[in-house]
There are 2 protein chains.
Amino acid sequence: MDALRRLQATLHAEIPISKDIGISAGDYDNGCLVLHAPLAPNINHKDTAFAGSLNAVATLAGWSLLWLVLDEAALSAKIVIQDSTIEYLHPVTGDFTAQCYLPSSDELTRFLNILRKKSRARLQLQATIAADEHMAVRFSGRYVAHLAAPAAPSQP
Amino acid sequence: MDALRRLQATLHAEIPISKDIGISAGDYDNGCLVLHAPLAPNINHKDTAFAGSLNAVATLAGWSLLWLVLDEAALSAKIVIQDSTIEYLHPVTGDFTAQCYLPSSDELTRFLNILRKKSRARLQLQATIAADEHMAVRFSGRYVAHLAAPAAPSQP
């Protein structure tokens, strides 16, 4: 199974609400991850996407990009979000896509080195949500990865 | 029906996902609105509440407080969130409550005056989420209220 399919299975299994809001992993190319979400389960009274759903999809875009980075680096880690800011720039009136971008390679290398050395490292990630050719949402989140403790050696 | 029951009916009718995440209006006293949410529909792989759900509940706490303010002032307005910041301070391992606080009475009077005069006004609101006697989430959101246009006079 390729990384994107494993990511989507992980999202749906580990964060059940990601299935309820209809997230699917779209593409991961040139350092940009794309997640798709339908309007229908996320709609509000103004026939636009509910801000809480947009935030959830942006938060998961960052989480997912970091999951892919750690998967490529063959590191097993727990990922949590520490804080975020979000701007709702335009109403979202249809299905939408979130894009999350890799940081510079220097920043990424530094993050992975700290994680390997200290078992814990932070990374700031930017995401946007586009709809109807507008940038509808601008998001920035700070994530923390904690290396999983190595499994205890099995008893003889 | 009292204001809190009307608020809850409005939330569930106008923002369907608020029903899926189990939000109920708890109390509104001394300028503080309390919303409750159960862990079960909001759980993630670490048996804690998903950050996106915590953000959604905090966002709705601000939206709901502003709805109550406008209801008390007998103003009919559309409420949207413009931007927000959130800090996830502690994992939430059980059912949780969001509290949102009225700003100072000067700030509130100023907001209502601008809204009546310009049909549009902004208000910054703070919310927290508590769980297990910890402050688990600190949230600040900027909301915009737009007065509903008066209904067109009916044709004779």
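## Strands within chain B

In this predicted model, strand β5 (residues 120-131) of chain B pairs with strand β6 (residues 134-147) of chain B in the antiparallel sense, over twelve bridges. One place to look is B:A121, which stands opposite B:A145 in β6(B). The two strands form a hairpin with two residues between them. In that turn, B:D132 has a positive phi of about 55°.

## A second hairpin

Which strand of chain B is joined to β1 (residues 24-29) by five bridges? The partner is strand β2 (residues 32-37) of chain B, and the two run antiparallel. Within this pair, B:D27 stands opposite B:V34 in β2(B).

β1(B) and β2(B) also form a hairpin, with two residues between the strands. B:N30 takes a positive phi near 50° in this hairpin.

## Where the chains meet

The contact between the chains takes 31 residues from chain B and 31 residues from chain A. Together the chains bury about 2,300 Å², and 67% of this area is on carbon and sulfur atoms. B:I17, B:H45 and B:F50 supply 25% of the area that chain B buries against chain A, more than any other three residues. The size of an interface is often given as the accessible area lost when the parts come together.

How many salt bridges are there between chain B and chain A? The count is zero. Polar contacts do occur across the interface, with four residue pairs found where both residues have pLDDT 80 or more. Two elements of chain B, α3 (51-72) and β3 (77-88), each give two or more residues to the side that touches chain A. β3(B) gives the most, with eleven residues. By class, this side of chain B has 16 nonpolar, ten polar and five charged residues.

## A strand pair across the interface

Strand pairing is also found between the chains. Strand β3 (residues 77-88) of chain A pairs with β3(B) in the antiparallel sense, over five bridges. To locate this pairing in the model, find A:D83, which stands opposite B:E87 in β3(B).

## Salt bridges

Over all chains, the structure holds six salt bridges. One of them is formed by A:D71 and A:R6, whose closest N and O atoms are 2.9 Å apart.

## Confidence in the model

Chain A averages a pLDDT of 91, and 95% of its residues score at least 70. For the complex, the predictor gives an ipTM of 0.91 and a pTM of 0.92. Where pLDDT is low, the predicted coordinates should not be read in detail.

Notes. Residues numbered from 1 in each chain as written. Chains lettered and ligands numbered in written order. Predicted model: local features only at pLDDT ≥ 70, side-chain atom pairs only at ≥ 80, totals over all residues. Heavy atoms only, no water. pLDDT = per-residue confidence, 0-100. Contact = heavy atoms within 4.5 Å. Buried area = accessible area lost by both parts, 1.4 Å probe. Salt bridge = Lys/Arg side-chain N within 4 Å of Asp/Glu carboxyl O. Polar contact = N/O pair within 3.5 Å; in protein donor to acceptor, adjacent residues only side chain to side chain. Helix = DSSP H or I, 4+ residues; strand = E, 2+ residues; numbered from the N terminus. Nonpolar A, V, L, I, M, F, W, Y, C, P; charged D, E, K, R; others polar. Pairing = 2+ DSSP bridges.
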